[in-house]
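Dear colleague,

Please find the structure below, handed over for your study.

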Amino acid sequence: MNLKNSKFFKRIQELRHFSKEKIRKDREKRTHVVRALDMALNEQPCLDREWFSPEQSPPLQPMSPRRRMKKTRCLKRRAAAGKQVGDNSPYYGPSSGENSPMPADEAKLQGFIQLNNKTYRVECPTRVLNPPMNVDEERPASETKSTICVSNSRYAMIGKISKTLGYKLVKESKMWNILWSDSFPGVELFKNMKRFQQINHFPGMIEICRKDLLSRNLNRMLKIFPQDYKIFPKTWMLPADYGDAMNYALNHKRTFILKPDSGAQGRGIWLTNDLKTIGPHERLICQTYINRPLLIDGYKFDLRVYTLITSVDPLRIFVYNEGLARFATNKYVEPTPGNANDLYMHLTNYSVNKRNSHYELCDNDDCGSKRKLSAINTWMRRHNYDVEEFWSNVDDVIIKTVLSAWPVLKHNYHACFPGHDKIQACFEILGFDILVDWKLKPYILEVNHSPSFHTNEQVDREVKRPLIRDTLNLVSTVLADKRQILKEDRKRVKQRLLKIRGDPPVQRPRLGGGTSKPKIDAQKGGPDAQPVDVEPEAEDHGPLAQQIAWEESHLGNFRKIMPPPDLSKLDYYTRFYAQSNQVSIFAETAASKKREDLARKMRIQIEEKKAKQQQMLNGNAKRDARKRHTVLLPRAVRERNRMNLFRLRENWSPGFISDAEERLRHTWLHMRAEAIRTLKITENIYSNLYETGLLTNTDMVVYPHLYHNLQHGYDIKHVP
Ligand code: ADP
């Protein structure tokens with residue numbers, strides 16, 4: 001008999017299969033739950049985790065009391081042996097301080113997680129898992145490992161410091177958190193940035209980082225606020241301001257410094273007290289020379305003040321307390337024709353002075369051609385200068401310089417980053433070059449958008465390394481959760497593609513959504529600014545509030561200058577935001593609109609006239625007279641145009657003409673007159689007409705001297 005065919009054998013096989021299947025299903029279910037629990041718990045950066053069920057909902061797999069005791073004992077033994085408690089070995093037990101395996105003094109975060117319709121309490125220490133080297137402060141829970149791309153920077157130091165701070169260096173093609181570039185990136189890059197990404201330049205910062213644009217903005221502000229904007233030497237942009245500069249030179253005996261409009265490192269700079277040597281068509285920046293600068297040990301110097309901007313709307317500016325003073329290398333004497341060419345005396349650029357054999361390298365604070373700002377402060381104190389007041393004046397110059405470009409910065413930022421709602425998309429370290437005169441008044445000379453981070457000397461290393469480190473600590477990169485944002489973005493794209501209805505459209509709050517308008521206005525000193533008596537950020541929980549809290553608690557060696565801590569100062573700076581109401585740099589003026597309108601109408605009329613003339617020239621005027629109605633515009637339209645033109649002429653009154661435009665027109669007229677005179681155009685034409693016998697009586701009356709000279713046989717074309 002074949003046993004395999006027996007009913008009994010089949011039944012046994014069935015039972016075996018059934019029990020195997022059951023065991024497999026049970027195991028699957030268990031692993032699924034454990035994995036889900038693990039995933040949920042992994043959202044918290046806990047080293048040790050505890051969870052237990054609240055009274056109404058016991059945990060899925062409660063541990064037996066015996067096993068729990070055994071595990072506790074084991075953990076205690078391991079802790080005593082100095083071993084760390086394993087990451088993945090959750091401790092099941094009560095969460096009270098005494099029974100917990102964690103040290104009682106260790107602060108804990110408590111929270112609840114929802115899993116399979118049951119609620120579990122989770123506790124984890126606030127201690128961070130792997131604190132980045134050299135950084136003793138905590139990073140928020142959202143941080144995984146931030147990445148930085150430094151491939152567009154020539155300074156190896158940036159990458160090295162980033163690494164020590166726990167950043168991972170990645171290529172530009174990867175999903176970096178920070179892109180550090182030495183040059184201004186293109187608009188395309190700005191536009192493609194994700195909401196967790198930050199870049200070290202603001203679009204539009206060029207407005208203060210190019211000499212000509214800086215002068216234009218500061219001159220504009222000086223015109224609107226003549227008392228407040230005396231923060232830079234008198235400056236003219238040639239050739240546009242040629243006439244003005246010449247006029248000033250006629251009435252003032254001054255030395256002028258001339259610079260190429262977009263030059264750097266002292267290239268192409270010279271001094272003169274005779275502006276007539278400059279051609280009327282040369283593109284230059286002409287500035288009055290500050291001929292009595294503050295001297296230390298007889299040398300002229302300027303200050304490189306490092307300034308960090310973390311936001312333009314609201315404006316947030318920080319100044320680094322340490323910086324550099326760069327010294328000229330020949331002792332200073334007020335400019336004379338004899339020494340005006342001595343660049344080692346009048347220029348303080350490192351790139352110029354390093355070529356001088358007198359350039360001094362020194363490890364001591366009180367000597368050397370490059371010194372720290374702290375050394376200058378000590379020197380000032382020793383000479384009884386008010387250092388606090390001086391730095392407050394420097395801060396004022398910096399704020400006003402940035403404010404002069406504020407409308408452009410704000411406009412560009414919102415145009416490029418309409419959706420950046422978690423953190424600011426940009427931050428920027430600017431190098432302000434400040435010259436101080438003998439009365440300790442600071443003047444802004446230049447703003448560098450990529451200040452040099454070369455560390456040739458010890459003093460460079462002592463200033464620039466901490467600067468980079470403090471900057472990377474202060475920027476709020478860590479507040480954006482890359483994974484979460486990517487997930488949200490994917491979901492949004494999917495929703496958009498599938499055109500899912502029903503769900504309300506996702507509203508991206510603007511950064512600072514948690515801060516009410518008056519508060520933001522107050523912080524940025526906007527037009528509606530109201531004095532606030534509470535620290536606005538303290539009670540807010542929006543992304544802007546988080547950023548502010550982060551920045552305030554990670555200042556390092558920075559000091560915040562905007563918004564200023566003093567409310568009266570905040571009030572004072574409020575007025576400069578409103579510049580765009582007074583002189584719009586985007587909108588056309590009423591006058592220019594009117595002119596354009598008139599020009600358009602005139603153009604139409606000229607075209608009509610031309611068409612008419614053309615027809616007449618073709619000799620078809622009569623024949624086509626009938627046809628003309630069809631060729632030209634319909635009669636009604638022509639009539640309307642004619643009436644409009646008539647009305648326009650009747651009612652037209654000259655609009656507002658800006659001084660700058662007028663000056664420019666004058667300069668052009670001047671240049672034209674100069675060209676006619678020097679090329680002897682009138683004389684040439686006159687002589688030709690005389691020779692060909694085409695001179696009219698009027699010509700003889702209007703230019704009697706030319707006629708007289710020709711009559712006496714003089715060659716008027718070549719007489720000097
Ligand atoms: P660059 O960008 O080429 O360095 P700057 O405008 O910074 O040009 O000028 C170079 C140097 O010339 C400054 O460091 C300063 O020493 C000197 N300098 C510039 N402008 C003036 C001025 N108006 N008065 C006195 N010195 C000046």
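**A buried aspartate and its partner**

Asp-241 has a relative accessibility of 9% and therefore counts as buried; buried means under 20% relative accessible area, exposed over 50%, and partly exposed in between, with a 1.4 Å probe and protein chains only. Please note that this is a predicted model, in which local features need pLDDT of at least 70, side-chain atom pairs count only at pLDDT 80 or more, and totals for chains, interfaces and linings use all residues. Residues are numbered from 1 along each chain as its sequence is written, and side-chain values use heavy atoms, with hydrogens and water left out.

Asp-241 forms a salt bridge with Arg-663, with 3.6 Å between the closest N and O atoms. A salt bridge is here a side-chain nitrogen of Lys or Arg within 4 Å of a carboxyl oxygen of Asp or Glu. The two residues are 422 apart: Asp-241 sits in the loop between β9 and α7, and Arg-663 in helix α22 (residues 659-678). Helices (H or I, at least four residues) and strands (E, at least two) are DSSP runs, numbered from the N terminus. Arg-663 has a relative accessible area of 26%, so it is partly exposed.

**Other salt bridges**

The count of salt bridges comes to 32. In one of them, Asp-302 meets Arg-326, the closest N and O atoms being 2.9 Å apart. Because Asp-302 belongs to strand β14 and Arg-326 to strand β16 (residues 324-327), this pair ties together parts that are 24 residues apart in sequence. Asp-302 is buried at 4% relative accessibility, and Arg-326 is buried at 11%.

Glu-488 and Arg-492 also form a salt bridge, at 3.6 Å from N to O. They are 4 residues apart in helix α14 (residues 482-498), so about one helical turn separates them. Salt bridges with shared partners join Arg-195, Asp-421, Glu-488, Asp-489 and Arg-492 into one network.

How many of the residues of β18 are buried? In this strand (residues 428-436), 9 of 9 are buried. Both faces are covered, with Ile-434 among the buried residues on one side and Asp-433 among those on the other.

β18 pairs with strand β14 (residues 299-312) in the antiparallel sense over 8 bridges, where two strands pair if DSSP finds at least two bridges between them. β18 also pairs with strand β19 (residues 442-448), again antiparallel, over 6 bridges. Ile-434 is the bridge partner of Leu-303 and stands opposite Ile-444 in β19. The hairpin of β18 and β19 has 5 residues between the strands, and Leu-440 takes a positive phi near 70° there.

**An open sheet**

Four strands form an open sheet in the order β9-β12-β10-β11, with antiparallel pairing. β9 (235-238) and β11 (270-272) are at the edges with a single partner strand each, so one side of each is left without a neighbour in the sheet. The twist averages 25° from one strand to the next; axes are lines fitted to C-alpha atoms, for helices over the stretch in contact (heavy atoms within 4.5 Å), and angles run from 0 to 180 degrees between N-to-C directions. Helix α6 (residues 211-224) lies across β9, β10 and β12 at about 125° to β9. Helix α7 (residues 242-251) lies across β9, β10 and β12 at about 135° to β9.

Yours sincerely
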